[in-house]
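The structure comes first, then the description.

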Amino acid sequence: MSRDICDVTRAKNGRPVHAGRRDAVRLAALLTTAAVTGVMTHLLERGSDTSSLPLAAALSAVAATLLVATGVRARWTRRHGHAPPSSDTGARPRSPERAGQSEPDTDPAGSATPRRAQSVLWRMRTTVKDEPGSLAALCTALARLGVDILSLQTHPLAQGTVDEFLLRAPGDVDGDGLVDAVATAGGTRTWIERADTHDLVDAPTRVLGLATRTALDAAELPLALRQLLGRCTIRQLPGAPAAGGRGPSPVPVEGVLEETVMRLRAPEGGVITVERPYLPFTPTEFARARALVELDARLGPRVPASHDVLTLPEGNAITVRRADTGDQQAAKEMHERCSARTLSMRYHGPVKDADRYLNHLLSPRYGRTLAVQTASGRVVGLGHLLWDGDETEVALLVEDSWQRRGIGGELLARLVAMAVEAGCESVYAVTQASNTGMVAAMRSLGLPLDYQVEEGTLVITARLDASRPAAPHLTGPGDLGDTSAP
């Protein structure tokens with residue numbers, strides 16, 4: 001049996017192999033054999049002559065000493081466990097703070113329980129050469145820092161591979177330390193940011209969840225793309241702008257990928273542009289985004305069919321539901337019943353052009369729309385939550401005869417709650433300084449507001465708090481409180 005096979009056999013149950021102890025036992029056995037052989041040879045050749053016996057006794061004494069020393073050392077090792085020196089493991093020296101956090105502590109019962117340093121989650125990307133051993137070198141460098149790799153995705157490139165990690169690192173290892181370790185192991189173009197518990201969901205599960213949300217609601221597409229690709233700016237330009245003029249340049253069916261910008265053909269014409277200046281897109285991300293857009297195009301326009309029936313203070317029942325382009329004719333009829341002042345406050349332009357914006361506003365591709373409908377089926381109010389790149393706009397229109405009944409405030413509260421659910425940091429409303437009803441509705445949200453006034457146009461921005469509902473709103477049958485909203 002070779003030495004390597006013997007070592008593996010002895011260590012298969014977790015027992016360490018000690019080369020020094022093994023050599024000492026072998027040397028003692030060799031000395032004992034030499035002493036016995038010498039005595040036997042002497043007796044056969046010289047009979048009763050004892051002149052060479054002292055040498056044999058000395059060899060036997062040395063062998064016995066080695067065996068005793070080896071036994072004492074083995075017993076001491078079993079009683080006093082020890083760790084290998086850092087030079088054997090490659091571990092970096094621990095700081096006093098780190099050593100204090102990782103040393104065993106003793107509970108009241110007297111048992112030793114280890115204390116662990118508070119860990120931090122990181123998301124990291126780095127580019128490595130597409131050759132055997134490159135990933136192993138990265139993992140080894142991270143292991144030296146005590147970093148745990150929770151998940152790994154690989155994005156093949158024409159030259160090299162982008163490895164995306166979700167890491168749990170000790171609290172005393174910062175981002176710079178991780179980047180330096182990866183650079184030493186051969187990683188280039190490294191990007192890193194703090195992660196949270198939401199990133200612990202594995203990629204296939206997350207993509208399937210986004211696909212399900214998109215299948216249920218066409219308005220989810222831009223939100224799904226943002227969650228799929230991280231922080232990015234998404235803009236969808238219609239093929240034929242509502243205000244007239246030329247549309248965006250068309251893109252091929254397969255889309256276009258240009259480093260930090262991807263352009264995809266929108267499901268109903270036009271172009272979806274996704275920009276992420278801080279991190280180039282990989283072909284894998286481009287393929288995932290394109291598949292999500294293709295799924296949305298195959299399913300066509302769709303909105304959830306849920307609705308809420310509410311009761312106004314005077315006793316009239318109204319229904320609040322999602323709206324889409326199928327409500328365009330009902331919205332036009334509402335425009336005809338609205339005064340010129342109401343329409344001008346809403347659209348900030350010629351009243352005759354109001355109908356031209358409806359197809360865009362009602363399309364779930366650009367946001368979410370809530371409609372207020374009477375018991376007879378007449379639409380008397382519309383509320384829009386519009387995706388505007390990195391920002392989100394809210395807009396309200398309530399028919400004159402139905403104003404000051406709390407409808408505008410209810411619509412606004414529901415729209416802001418949708419924005420909170422979508423992860424928006426703020427919403428803004430564009431109105432006129434004379435529109436006291438819209439100003440009162442924004443104030444009723446109870447959120448921090450910023451005001452900007454430019455040439456009679458008032459922009460009110462509400463900063464959202466994702467940790468709580470944006471504003472109380474009714475989700476089922478009930479009474480609608482009286483507010484001064486439009």
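β8 and strand β9 (residues 261-265) pair in the antiparallel sense over 3 bridges. Two strands count as paired if DSSP finds at least two bridges between them; strands (E, at least two residues) and helices (H or I, at least four) are DSSP runs, numbered from the N terminus. Methionine 262 in β9 is the bridge partner of leucine 257.

Helix α10 (residues 283-299) packs on the sheet and touches β8, β9 and β10 (271-275), contact meaning heavy atoms within 4.5 Å. The direction of α10 makes about 25° with that of β9; axes are lines fitted to C-alpha atoms, for helices over the stretch in contact, and angles run from 0 to 180 degrees between N-to-C directions.

**Basis of the model**

The model is predicted: local features need pLDDT of at least 70, side-chain atom pairs count only at pLDDT 80 or more, and totals for chains, interfaces and linings use all residues. Residues are numbered from 1 along each chain as its sequence is written, and side-chain values use heavy atoms, leaving out hydrogens and water.

**The sheet with β3 to β6**

Another open sheet has 4 strands in the order β4-β5-β3-β6, with antiparallel pairing. β4 (148-156) and β6 (188-194) are at its edges with a single partner strand each, so one side of each has no neighbour in the sheet. β4 pairs with β5 (residues 161-170) over 8 bridges.

**Arginine 123**

Strand β3 contains arginine 123. Its side chain makes a polar contact (a pair of N or O atoms within 3.5 Å, one able to donate a hydrogen and the other to accept it; residues adjacent in sequence count only if both atoms are side-chain atoms) with the side chain of glutamate 193, at 2.6 Å.
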